[in-house]
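These are my notebook entries on one chain. I went through a helix, a sheet and a few loop residues.

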Amino acid sequence: MTDASATATSAAAPGTGVRILAHPAREEIRIESVLHALSDPMRLRVVRELAAAEDELTCSRIELPVSKSTTTHHFRVLRESGIISQTYRGTSKMNGLRRDDLDALFPGLLDSILAAANRQADRLGEG
């Protein structure tokens, strides 16, 4: 991420009043950041739910057993690492996987991680 995108959390699009959240461009996504983000069980849970939904979900549709501020932190880490995109639609913040970007940069990585996480969840009865 560039310094500007790393430090900006949101800004209003000129003339629209729409808040835009900072995301790394495809070429700025780094494998280290992706793997770090996915190493946390709560963030991996978010990614699994987004992958299963195959569509965007609001933050509130993904229930995590942590505080609201911790949930916000997890979503920010996923966004800043390039794993998810977040956009405001009205008052809802929509979340979607950046599957196309991740598959282009790291072919097979996301599918392998999701398959392994799903096998682990089944094995541990967390399915």
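**Helix α6.** The expected span is 1.5 Å times one less than the number of residues. For the 16 residues of α6 that gives 22 Å, and the end C-alpha atoms are 22 Å apart, so the two agree. I note that this is a predicted model, in which local features need pLDDT of at least 70 and side-chain atom pairs count only at pLDDT 80 or more, while totals for chains, interfaces and linings use all residues. Numbering starts from 1 along each chain as its sequence is written, and side-chain values use heavy atoms, with hydrogens and water left out.

Next I looked up burial, where buried means under 20% relative accessible area, exposed over 50%, and partly exposed in between (1.4 Å probe, protein chains only). In α6, Leu 110, Ile 113, Leu 114, Ala 117 and Ala 121 are buried. These residues cover an arc of only 100° around the axis, which places them on the same side of α6; the arc is taken from the directions from the helix axis to the C-beta atoms. On the face turned away from that side I found the exposed residues Arg 119, Asp 122 and Arg 123. I then listed what the buried residues of α6 pack against: α2 (31-38), α3 (41-53), β5 (92-97) and α5 (99-105), with contact meaning heavy atoms within 4.5 Å. Just after α6, Gly 125 has a positive phi of about 75°.

**The sheet.** I read the strand order as β3-β5-β4, an open sheet of three strands with antiparallel pairing. β3 (57-58) and β4 (84-89) are at the edges with a single partner strand each, so one side of each has no neighbour in the sheet. Two strands pair if DSSP finds at least two bridges between them. I noted six bridges for β4 and β5, and two for β3 and β5. The hairpin of β4 and β5 has two residues between the strands, and in it Gly 90 takes a positive phi near 65°.

**Glu 54.** Which residue has a positive phi although it is not a glycine? I found Glu 54, at about 55°. Most residues other than glycine have a negative phi. Glu 54 lies in the loop between α3 and β3, and I recorded it as exposed, with a relative accessible area of 72%.

**Arg 98.** Is Arg 98 buried or exposed? I have it as buried, because its relative accessible area is 11%. Arg 98 is in the loop between β5 and α5. Leaving out residues up to four places away in sequence, I list among its contacts His 23, Pro 24, Arg 26, Ile 29, Gly 82 and Ser 85. Arg 98 and Ser 85 are 13 residues apart in sequence, and I have their C-alpha atoms 6.2 Å apart in space.

Notes: Helix = DSSP H or I, 4+ residues; strand = E, 2+ residues; numbered from the N terminus.
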